[in-house]
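The following explanation is intended for a reader meeting this structure for the first time. Please keep the sequence and the model in view while reading.

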Amino acid sequence: MSTQAQLDSLPSSAERQPGLVAVAMSGGVDSSTVAALLLQHGRPVVGLTMQLWNQRRLPELQGDGPAQHRCCSLDDVYDAKRVAQHLSFPHYVVNFEEQFEQRVVRPFVEQYLAGRTPIACTNCNTEVKFEPLLRMARQIGAERLATGHYARIRKDEHNGRCQLLRARDDSKDQSYFLWGLTQEQLSRSEFPLGELTKEEVRNLARRVNLPVADKPESMELCFVPNGNYVQFIREYVKETGKLLEDSEGDIVTEDGAVVGHHTGVHNYTIGQRKGLGFTTGKPIYVLTIDPAKNRIVVGEDDALRTTTLEIENVNWISIEEPTAPVRAQAKIRHKHEAAAAVVEALPGSRARISFDAPQRAITPGQGAVIYDGDIVLAGGWIK
Amino acid sequence: MQRIYLDHNATTPVEPAVLEAMLPYFSGDFGNASSIHTFGQRARAAVETARDQVAALLNARPQEIIFTSGGTESDNHAIFGVVYPLVSWPSKPSPNPLDDLDKRINIAHLMHVVTTAIEHEAVLNTCQALEKRGVAVTYLPVSREGLIDLEDLRKAIRPETVLVTVMHANNELGTVQPLAEIGRIAAEHDIYLHTDAVQSVGKIPVDVKACQIDLLSLSGHKLYAPKGIGAIYIKSGTRLHQLVYGGHHQRGFRPGTENVAGIVGLGKAAELAGISLAEDSARISALRDKLEEGLLARVPDSRPNAAGAARTPNTANITFPGIEGEALIIALDLRGLACSTGAACSSGAVEPSHVLTAIGLSAAEARASIRFSLGRHTTSAEIDAALEIVPAAVAQLRQLSPGYKREFSAHR
């Protein structure tokens, strides 16, 4: 498809919606292109850039490198402003630092300290982007919020439910991070990039001469720009006046034999092989993290593989909570390929996922997302 | 969309007559005011005329006016200029640097400055910088109406107090401190008095002699001159340390080639303010009162802040419980009305306004407060429009504000 044809045909689901639409703008190419696409379709747009994290905090993490790729850096804010100026639509910076810390950063650190491996992006979507930001969008007169997520929303004409679907471009799909959205949130959201590939998005951005068309992508968690979670957690906890130095403990085998020492449970993830501080004849992996006993349990690859898991805080999206087990596919981490499973809803917003074949390194704190093909049925946190 | 500007405490448009006065000094009369030749002499004449004009507005003498880049520089100059020499290294360094350090710290600890809790950041952060160097600073509290208590000031003064710095009019509330009384107290104790008059000069009469002021900061862009030009009044005989070193411009005290066009603009603006101040004041305060009363009548649960105090004629600050000021500012801007949550420099800040919390507002109330600041060209029709736009926007925000109904509608 030519870029002109793309401009004319997209976004399919959104083009008939009237009224002001707010675009959550990070200053990157994706969300900037969303604004351009909506304008091409004659939609009145207001850009909102969230200030989420003060990079001057925890200066130990700054390093000497340039300030690019940092979340909420002034550069990103200015990039968003430049795009808004280039395309002539109103743009504002809105401050959600407090909500971000309370609902994303602090739980992220607490989860790590509890021996789990959290994903901050899911919380950020559910608790910040599609909660206070969406509310602010509505308060300023925009009924809908568009973001640069690669995912799709489809209205089920039979029952009126909003369905969440994978992006057309599977390599960019971000539906895994969006399972927490409610029907209300989905009904007010638009993902205009869901039908596009990253290359198509860049081409569109270049076509309308967006100043960020060739801006590199940031891959790291936004508030830990150097990717060093361990250091981040240490500095964050230090700021609260605590020290993590005293949390060392034993690394044991499944039958309890001490084989090494760990430097604090938050420094390990399930399935980790490197950095355990000792070697044996065979490859050894972290099997479980036990903060109660302050132990890391290790074993061989076979022991990492399990068939069933339970998830909590389950959100059924595209269908109502089923009364009988359903055949589906489940994804247990962002880069995991959804595997065939039977899913059974349990009381108390829980569910049990039974895979056809054992899956490697099922990790508490990660999200498990249940698909039926492209459709996201539900998601929940792995217990 | 027709846009209405009610944020004159953030900045004002350059008055057409001011712009006209400035224009010759960009290209035609472009000379360096320090040059000997005719080009330079023409620029010098313009600068000195401007100095006369600014001095006249303050009841000062021309030689007591030094041009600066604006209010922030003037504030820094006044405060550091008084205190810094007293906390600097001894003139003859001792062989052991640690001895010097001890002496310096000891000297610094003997210094004391009195200011208020509601100063602009240009003063507050300068005082905090002094504190880091060991100087003691007292931040006087203010009443619900935003005024300091003169008894508090008397009690705060110590033998080692070297400077009292109290803003004249507050940028967020418009409240005007009793400068004449403050000047009397400072004079009685033989302490230098500095006032940040950025928000008052051009809006209300300022008389440095009557108020016994030693140092005063003002900024051009708050009185219809351009940004980037300001002045400091330094009473003759005030011993003020030099902060910037360079050539002999402005008698070497504040070197740097004069911003001739900016200075001319500031002078012209000062002249215009002197002519129209009384008339402007009456008209603008009537419009401000109409806006304030109208909003209080039309927006349920709204409350004025510091409305009972002496205020600059153009400022109103109103709390609209149940809203986030940040969201309201955006909603209003999208409807063509520009106003502010407080100081423009702190927009986007997480912390609630230190001024509003100082007058006793909770963090939530401070975040729900909006400043409207009118100007010389604000019209009655614009106020009428604002009286339609604001209540509608507040109502829309409150509908989507989870806290509002619970807190307020229940007991109405």
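The model is a predicted one.

Chain B contains 13 helices and 12 strands. Of its 412 residues, 50% count as buried. When contacts in chain B between residues at least 6 apart in sequence are considered, 74% of them join residues at least 24 apart.

For chain A, the domain assignment gives three entries: domain 1 covers 3–207, domain 2 covers 248–299 and domain 3 covers 305–382. The centres of domain 2 and domain 3 of chain A, taken over C-alpha atoms, are separated by 27 Å.

The two chains also meet: 15 residues of chain A are in contact with 10 residues of chain B. On the side of chain A that touches chain B, at least two residues each are supplied by strand S2 (45–51), strand S3 (91–95), helix H4 (97–113) and H5. The residues of that side comprise seven nonpolar, four polar and four charged.

In soluble globular proteins, nonpolar side chains tend to be buried together. Here the largest nonpolar core has 132 residues, and those with the most contacts inside it include A:Val23, A:Leu48, A:Leu133, A:Ala137 and B:Leu328. Helix H5 (residues 120–139) of chain A contributes the largest share of this core, eight residues. Leaving aside residues up to four places away in sequence, A:Leu48 touches several residues, among them A:Ala22, A:Tyr92, A:Leu133 and A:Ala137. A second, separate core of 88 residues includes B:Ala50, B:Ile79, B:Leu218 and B:Ile229.

How values were computed
Residues numbered from 1 in each chain as written. Chains lettered and ligands numbered in written order. Predicted model: local features only at pLDDT ≥ 70, side-chain atom pairs only at ≥ 80, totals over all residues. Core = buried A, V, L, I, M, F, W, Y, C linked by C-beta atoms within 7 Å. Buried ≥ 20, exposed ≤ 12 C-beta atoms within 10 Å, placed from the backbone. Helix = DSSP H or I, 4+ residues; strand = E, 2+ residues; numbered from the N terminus. Contact = placed C-beta atoms within 7 Å. Domains from an automatic or database assignment. Nonpolar A, V, L, I, M, F, W, Y, C, P; charged D, E, K, R; others polar.
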